[in-house]
Every structure is written in structure tokens, then in C-alpha cells.
Amino acid sequence: MFRGSLDPPRFSIIVTCHNQSAYIRDAVNSALEQGYQAKEIVVVDDASKDASPQILKEYGDKIHFAAFQTNQGCTASRNLGAAMATGKYFVFLDGDDVLLPWALDVYDRVVTIKKPQIILSCMKWFDSSLQHLQPGSVPQQIEFVEYELLTRRDRQYQAGGSAMVIERQAFGQVKGWTDQFFPLEDIDMMMKLSDCGPVVQILSPSTKGYRIHSSNVRHKVPTMVGGLYKVIERERSGVYPGGPNMRRDRYAVIGAPVFFWIKQAYRARLFRTAMGVLARGWPMFLAACAHKIRNNIRGRRKTEVLPFDFRPKDARERGAQSANATPVVPERQTARR
């Protein structure tokens, strides 16, 4: 790997897991199978009681591995992984999700051209088995939008711990993930980074696979709403940067999940929960509505397109072997020279 090298990797893939032995091989393998070379893979097991630690130890020195002895939560695991990492950008990956084959190549192309502090990636959802994650044809271009600040975003974005790439210095400035914050820790991180920029939001191609299964916390509406209440409380207490001047923009960002979880609670027939979210988050809800109306009137930020020439890992390895092969010259032919 690159630990101890004079030239640290551009990307550190930080994989975290807790009792995900059924999926963790897929996550780690998707990181190892990235054809992009300037990478390292850090895996943190959060005191799993299943076979996850034994599975991860099988990878040997292909990964940098650490494990908690007692359960600390996903944010502590990600922070430990970041402390171990040496890369310039942190690519977070949950233990039940996967990277698509071209993920790091897409990020590298964007970083080389735009040098963002934050990349918001596009996720593809799939049902449990990798057989249901069938990428179409290899992407030929990258479609994205650049913003000077995260709060200037005017496109819909599905937040997730596996959907953010964060530059090392920006991550350090906000002191990483908020300890013991789960769920909606991804929204909390976005709010902590709200005055950071530039930001690139990738519209296509998808670079992450988000696995839907029965253990997803997003199925537990009251739990998710509890995380949303914590975000709202932190905003009201003045924790997030930008002060009063950026309050309207922050409200608009929080308003999107407020609206989403009102709908989810209503669909689950949790009417009291839906009313509770509206009661606490109505200023954010109104700010999000106003933000959407302004975008419709003014028009959204212009989309940019980069050409993208992707070569799968096996094709790169064959090319490298061919380039490194030493031609055998017959002795008689050598004598003539």
C-alpha cells in the first residue's frame, strides 16, 4: 500500500462495519478491485459479534485493519479510520455498501480539474444481492455541478455516509464526524461543512451502491426522526457555522429531510410523529420551499460535463504486464547488431 511512502495516496477508502459478515466481503472487495492505484484501504470493525473480524483478518496486508473491543458507533469508527488514513481525500464506505468499479477514477478526474473540498456522489440502490446491482455500460462522461459552498446546492441530493468524499483538511477543521451521533449523522456532517467549498455534486455516473436490506436503519421511522430532531436542536443552539447570515441557507438544507420524514411518517401511519416533525421543523420546511421556488424562477446552476475514458482493472493489469515484458531477442539477431 502507500503507508510510509514519500508520496501518500490521493484517496483513503475508509470502510466501517458492525455485525455485517454477510456483506463485508463485498464492500472490501469493491475497494480492492478499484483499478485506480493511488489508494489505500482502511477497515474498522466496531466490536462485531459475528464473523466479521475473522473475515477481515483474512485480507492480511491488503488492508489496514483496526477493531474496537466494545461498540463505539459508526461515527467513532469512521473517525478512527480517518486517523489511520494517510490520503488527501477520505472516501467513506459502510460495510453493507459497495463502490462501483469506476468510483475512484471518477473522483480523480473531478479532483484533478476542480480541486473541491467536498464531493457529493451519486448512489445506486440495489436489493441485497450484488446480482441486483448491474451497472449498465461503462460511463463515457461525468456530469456534475460545482458550487462555491455546500449550502448553495440547488439539485436534489440523497445524503449518506457512503455518499460523501471529504478532503483531509476540511475534515479536520470540523473535527470529523460528531461522536455518538446516529442516525442522520450524514446531515449533521453536511451542516458542519456548510461553509466549506468548493463543492462538486456528481449527477452521473453513480459511484456507490447502497444496499437495501431488512436491517437498514432507514426502515425505522421513529429512530430516523430522533436523529432529525438532534440536527434541528443543534441548528437552534448555534452549533453549525455561518452565523445568522447563513441561517436561511442552513434551514433550506435541513428542510429537505424534514419534508422527507414527514412523508415517511405519514405513509407509515405514524400521524403523531409526522405532526411532531412539522411542529419542530416548520421554519426549515418553509425555507426549503422558498429555496425551491427561487431556483425555479432563477434557474439552476449550469451542469458541466467531462469526458471519461475508463479502463477496468484487469485491462490495466494486462497493459502493465505487456509494457513491462522484456522482449527476447534471438542470439543470432543480436550478433548482427
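User: Which helix does Thr-75 lie in?
Analyst: Helix 3, residues 74-84. Keep in mind as we go that this is a predicted model.

User: Is Thr-75 buried or exposed?
Analyst: Buried: its relative accessible area is 1%, and the cut-off for buried is under 20%.

User: What does the side chain of Thr-75 reach?
Analyst: The backbone oxygen of Thr-178, at 3.1 Å.

User: And which residues does Thr-75 touch, leaving out those up to four places away in sequence?
Analyst: Trp-177, Thr-178, Asp-179, Gln-180, Phe-181 and Glu-185.

User: Where else does a charged end sit over a ring?
Analyst: At Tyr-229, where the charged end of Arg-280 is 3.7 Å from the ring centre.

User: Switching to packing. How many residues are in the largest nonpolar core?
Analyst: It has 52, and the residues with the most contacts inside it are Met-164, Ile-166, Phe-171, Met-189, Met-190, Leu-193 and Val-258. Helix 8 gives the largest share of this core, eight residues.

User: What does Met-189 touch?
Analyst: Not counting residues up to four places away in sequence, Met-189 touches Met-164, Ile-166, Phe-171, Val-174, Gly-176 and Trp-177.
There's also a second, separate core of 40 residues, with Leu-56, Tyr-59, Trp-102 and Leu-104 among them.

User: How many aromatic pairs does the structure hold?
Analyst: 13. Take Phe-92 and Phe-171: their ring centres are 5.7 Å apart and the planes are at 35°, so that pair is tilted.

User: Why does that pair tie together parts that are apart in sequence?
Analyst: Because Phe-92 is in strand 4 (residues 89-94) while Phe-171 is in helix 5 (residues 168-173), so parts 79 residues apart in sequence get tied together. Both Phe-92 and Phe-171 are buried.

User: What about Trp-125 and Tyr-210?
Analyst: Those two make a tilted pair as well, 5.2 Å centre to centre with 40° between the planes. Trp-125 is in strand 7 and Tyr-210 in strand 11, 85 residues apart. Trp-125 is partly exposed at 38% relative accessible area, whereas Tyr-210 is buried at 17%.

User: Which residues do ring pairs link into a cluster?
Analyst: Phe-11, Tyr-36, Tyr-89 and Tyr-107.

User: Do strands 7 and 11 run parallel or antiparallel, and how many bridges join them?
Analyst: Parallel, with five bridges; strand 11 covers residues 208-212. Met-123 stands opposite Lys-208 in strand 11.

User: Last one: where is Ser-237?
Analyst: In the loop between helix 7 (221-236) and helix 8 (247-267). Ser-237 is exposed, with a relative accessible area of 53%, and its side chain reaches the backbone oxygen of Arg-234 at 2.9 Å.

User: How many residues apart are Ser-237 and Asp-127 in sequence?
Analyst: 110, and in space they are 39 Å apart, C-alpha to C-alpha.

Conventions:
Residues numbered from 1 in each chain as written. Predicted model: local features only at pLDDT ≥ 70, side-chain atom pairs only at ≥ 80, totals over all residues. Heavy atoms only, no water. Helix = DSSP H or I, 4+ residues; strand = E, 2+ residues; numbered from the N terminus. Buried < 20%, exposed > 50% of the residue type's maximum accessible area, 1.4 Å probe, protein only. Polar contact = N/O pair within 3.5 Å; in protein donor to acceptor, adjacent residues only side chain to side chain. Pairing = 2+ DSSP bridges. Core = buried A, V, L, I, M, F, W, Y, C linked by side-chain atoms within 4.5 Å. Contact = heavy atoms within 4.5 Å. Phe/Tyr/Trp six-rings, centres within 6.5 Å; stacked < 30°, edge-to-face > 60°. Lys NZ or Arg CZ within 6 Å of the ring centre and 35° of its normal.
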